[in-house]
Amino acid sequence: MNDTTLGIILKQSEYKNNDALIKVLSKEYGKLSIVVKGIRKATSKNSSSCMPFCTSEFIFDYKYNQSIYNLKKSSIVTNNFKIYDSLDKLSACNVIAQIIDTSIPDMHKDSELFEICDYLLKKVNLNVDIYMCICLILVKILKINGIVPNVKCCINCGNEVISSLSLQGGGFVCKGCQKDFYFESLAVNRLKKFRYLVMAEYKDYDTLFELFTCDLEDCDLFMNFLKLHSGTNIKSYEFFKDSVM
Ligand SMILES: [Zn+2]
């Protein structure tokens, strides 16, 4: 009774009457679907704490294997309201939220995923390298799904001197092997960035943001890798591309 969790609102959709259904990435329970009653009434105390991309504290009754919960109370912890200042930031957050919503099983409990999502949304809120934010959530999702690109050596022969990236092949290839694969012709600098992003742990993120910046081409590489190896198509990514171009 009266279970409490921190959660990030991934999306909000209309429900019956004045109610809303929110999808929440919670710290303790994974993804949750929560009905917020009366949210569209002027007197609702939950309208700001249930806005997409905020981090809030939720009180509800948790039951194992239940799919939808009724909200008892919520209070805002991080509002991230600057996300709504620009279409770029808003569409980047929609991409991050959709990646988590579509590529993680509902019962997957991962408090680090919560920490990472919370960290990245704060970066987007402050307009800090929204491209790197998208790359980093994609890398985390690839790791959770066990489809991490091989960036240590050539995927074919193990040579540590690599010359290109094969998205289909699953990682780096050396000069001698690249004729056997579909590969991307990429500058050395982009290959290095790709390796850094894949190798980075959550504790390294502050350093990464100081070290270099990302762009749409970096996002494309990880997004295409996810698509090729999991079949997932993130629809909001096309809208994001239109908004930043
Ligand atoms: Zn090779």
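**A guided look at one model**

Guide: D129 sits in the loop between α2 and α3, where helices (H or I, at least four residues) and strands (E, at least two) are DSSP runs numbered from the N terminus. This is a predicted model, with local features needing pLDDT of at least 70 and side-chain atom pairs counting only at pLDDT 80 or more, while totals for chains, interfaces and linings use all residues. Residues are numbered from 1 along each chain as its sequence is written, and side-chain values use heavy atoms, leaving out hydrogens and water.

Visitor: Why does D129 count as buried?

Guide: Buried means under 20% relative accessible area, exposed means over 50%, and partly exposed is in between (1.4 Å probe, protein chains only). D129 has 15% relative accessibility, so it counts as buried.

Visitor: What makes the phi of D129 worth a mention?

Guide: Most residues other than glycine have a negative phi. D129 is not a glycine, yet its phi is positive, at about 35°. N127 is also a non-glycine residue with a positive phi, of about 60°, and its place is in the loop between α2 and α3. N127 is partly exposed, because its relative accessibility is 49%.

Visitor: Welcome news for anyone who likes metals: which atoms are the protein donors of the zinc ion?

Guide: They are the SG atoms of C154, C157, C174 and C177, at 2.3 to 2.4 Å from the zinc ion. Donors are N, O and S atoms within 2.8 Å of the metal (3.2 Å for Na, K and Ca), and sites may look incomplete because water is not among the atoms.

Visitor: What makes the arrangement around the zinc ion tetrahedral?

Guide: Four donors count as tetrahedral if all angles lie between 85 and 135 degrees. Here the 4 donor atoms subtend angles of 102 to 115°, so the arrangement is tetrahedral. C154 lies in the loop between α3 (130-144) and β7 (164-166) and C174 in the loop between β8 (171-173) and α4 (188-199), so this pair ties together parts 20 residues apart in sequence. C154 is buried at 3% relative accessible area, and C174 is buried at 4%.

Visitor: How do you know that E115 forms a salt bridge with K27?

Guide: The term asks for a side-chain nitrogen of Lys or Arg within 4 Å of a carboxyl oxygen of Asp or Glu. For E115 and K27 the closest N and O atoms are 3.1 Å apart, so the pair qualifies. E115 is in helix α2 (residues 111-125) and K27 in the loop between β2 (20-26) and β3 (30-36), 88 residues apart. The structure holds 14 salt bridges.

Visitor: What makes D220 and K241 a link between parts of the chain?

Guide: D220 forms a salt bridge with K241, with the closest N and O atoms 3.0 Å apart. D220 lies in helix α6 (residues 216-230) and K241 in helix α7 (residues 236-244), so the pair ties together parts 21 residues apart in sequence. Both D220 and K241 are buried.

Visitor: How many disulfides does a search of the whole structure find?

Guide: It finds 0 disulfides. C93 is in no disulfide, and the nearest cysteine sulfur, that of C133, is 8.2 Å away. C93 is buried, with a relative accessible area of 0%.

How values were computed: Four donors count as tetrahedral if all angles lie between 85 and 135 degrees; four count as square planar and six as octahedral if opposite donors are over 155 degrees apart and all others between 65 and 115; anything else is irregular. A disulfide is a pair of cysteine sulfur atoms within 2.5 Å.
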